[in-house]
Amino acid sequence: MPTSKPATPGLPASPTVAELIRHGAAAFERAGLAFGHGTDNAVDEAAALVFHALGLEHADAAEAYARRPGPEAVARVLALFEARVARRVPAAYLMGRMWFAGLEFEVDERVIVPRSPFAELIAARFEPWIEPQSVRRILDIGTGSGCMAVACAQAFPDARVDAVDLSADALEIARRNVARHGVGDRVRLLEGDCYGPVGGERYELIVSNPPYVSDAEMDALPPEYRHEPDRALRAGADGLDVVRRILAGAPAHLAPQGVLVAEVGDSEERLVAAYPRLPFVWLEFEHGGGGVFLLRRADFDH
């Protein structure tokens, strides 16, 4: 008796969750996709899409791998795989969500995908660089989805957070994320550039994951990054246009014992060369990542 052929080449007629993940990962590898928006490899990317499409919880992964979803569910998974390959859309945008600092955030192409090592610093409440109980005011410059502002509000329940962004579209997403996590009474969203909307306010903690990609680096980015807002990534010829404004305004907006923590990624060497007198502290991360500096208010007086 002839056997029926699988509907999708390389995939069993009634695949398990594990087989779907392997199928997607193989397709992503063949297509030469780029990763870096929450995952760093094809298997994790495929798993994220499969679990999202099937409504599975990652905490139940060990039991979930052996499940055999029905035809409609399999079709949903395969449609996501196809979109990921054909359009090179980061998985986070296909899912409409991403996790940061243990919290889930809504995302779409109006904001960059949360992926900063800042999550590790927030979890540690920036110790030993500050005394958490002394933090009453926090400023997040370039808040995007609001992920850092919300996470800081959660980590510092007695603090108020100002979250600034140039993009009204990004602030719409941030507003929904602030409401989602119930911190609207302590997080103020402000439209504008850097310190413009905050007047003469001073803060014990200023954080920022600003644009820091140079024009040349933008031209070399994989297609996945083209789905993110250009101005959330691009920062001029040397990648320092926004960081310069952050540094220029920091002394006037840091409290006497305040600290500034900002991410500049691959622009680290250019920043050090541009500001040889500033004693940047470059932070190390247990879970990977880098290019994040810390400066104290007093460091600007040298």
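Which loop does Pro128 lie in? Hold that thought for a moment, everyone, and welcome.

A word on what we have here. This is a predicted model, where local features need pLDDT of at least 70, side-chain atom pairs count only at pLDDT 80 or more, and totals for chains, interfaces and linings use all residues. Residues are numbered from 1 along each chain as its sequence is written, and side-chain values use heavy atoms, with hydrogens and water left out.

Back to the opening question. Pro128 sits in the loop between helix 6 (118-123) and strand 3. The peptide bond from Glu127 to Pro128 is cis, with omega near 5°. When I say helix or strand, I mean DSSP runs numbered from the N terminus: H or I of at least four residues for helices, E of at least two for strands.

Helix 1 (residues 17-31) and helix 2 (residues 42-54) have axes that come within 8 Å and cross at roughly 130°. That makes helix 1 oblique to helix 2. The axes are lines fitted to C-alpha atoms, for helices over the stretch in contact, and the angles run from 0 to 180 degrees between N-to-C directions. As for the wording, under 35 degrees counts as roughly parallel, over 145 as roughly antiparallel, 65 to 115 as roughly perpendicular, and the rest as oblique. Among the residues making this contact are Leu20, Gly24 and Phe28 of helix 1 and Ala46, Leu49 and Val50 of helix 2. Contact here means heavy atoms within 4.5 Å.

Helix 4 (residues 71-87) joins in too. Helix 2 and helix 4 pack at an angle of about 140°, with their axes 9 Å apart, and they are therefore oblique to each other. Their contact includes Leu49 and Ala53 of helix 2, along with Val77 and Leu80 of helix 4.

How do helix 1 and helix 4 pack, and at what angle? The angle is about 15°, with the axes 10 Å apart. That makes helix 1 roughly parallel to helix 4. Leu20, Gly24 and Phe28 turn up again on the helix 1 side, among others, and Val77 and Phe81 are among the partners on helix 4.

Arg88 has a positive phi of about 55° although it is not a glycine. Arg88 is also buried, with a relative accessible area of 18%. Buried means under 20% relative accessible area, exposed over 50%, and partly exposed in between, using a 1.4 Å probe and protein chains only.

Strand 1 (residues 97-100) and strand 2 (residues 103-106) pair in the antiparallel sense over 4 bridges; two strands pair if DSSP finds at least two bridges between them. Arg97 has Glu106 as its bridge partner in strand 2. There are 2 residues between the strands, and Ala101 in the turn has a positive phi of about 55°. Ala101 is partly exposed, at 36% relative accessibility.

Strands of a sheet pair through backbone hydrogen bonds, either parallel or antiparallel. Strand 3 (residues 137-141) and strand 6 (residues 203-208) pair in the parallel sense over 4 bridges, and Ile141 stands opposite Ser208 in strand 6.

Is helix 7 buried or exposed? In helix 7 (residues 147-155), 8 of the 9 residues are buried, so it is largely enclosed by the rest of the structure. Cys147 and Cys152 are among those buried residues.

That brings us to the cysteines. A disulfide is a pair of cysteine sulfur atoms within 2.5 Å, and the count by this rule comes to 0. Cys147 is in no disulfide, and the nearest cysteine sulfur, that of Cys152, is 9.4 Å away. The sulfur of Cys194 is 17 Å from the closest cysteine sulfur, in Cys152, too far for a bond.

One last stop: Ser214, in the loop between strand 6 and helix 9 (215-220). Ser214 is buried, with a relative accessible area of 4%. Not counting residues up to four places away in sequence, Ser214 touches Gly236, Ala237, Asp238, Gly239 and Arg270.
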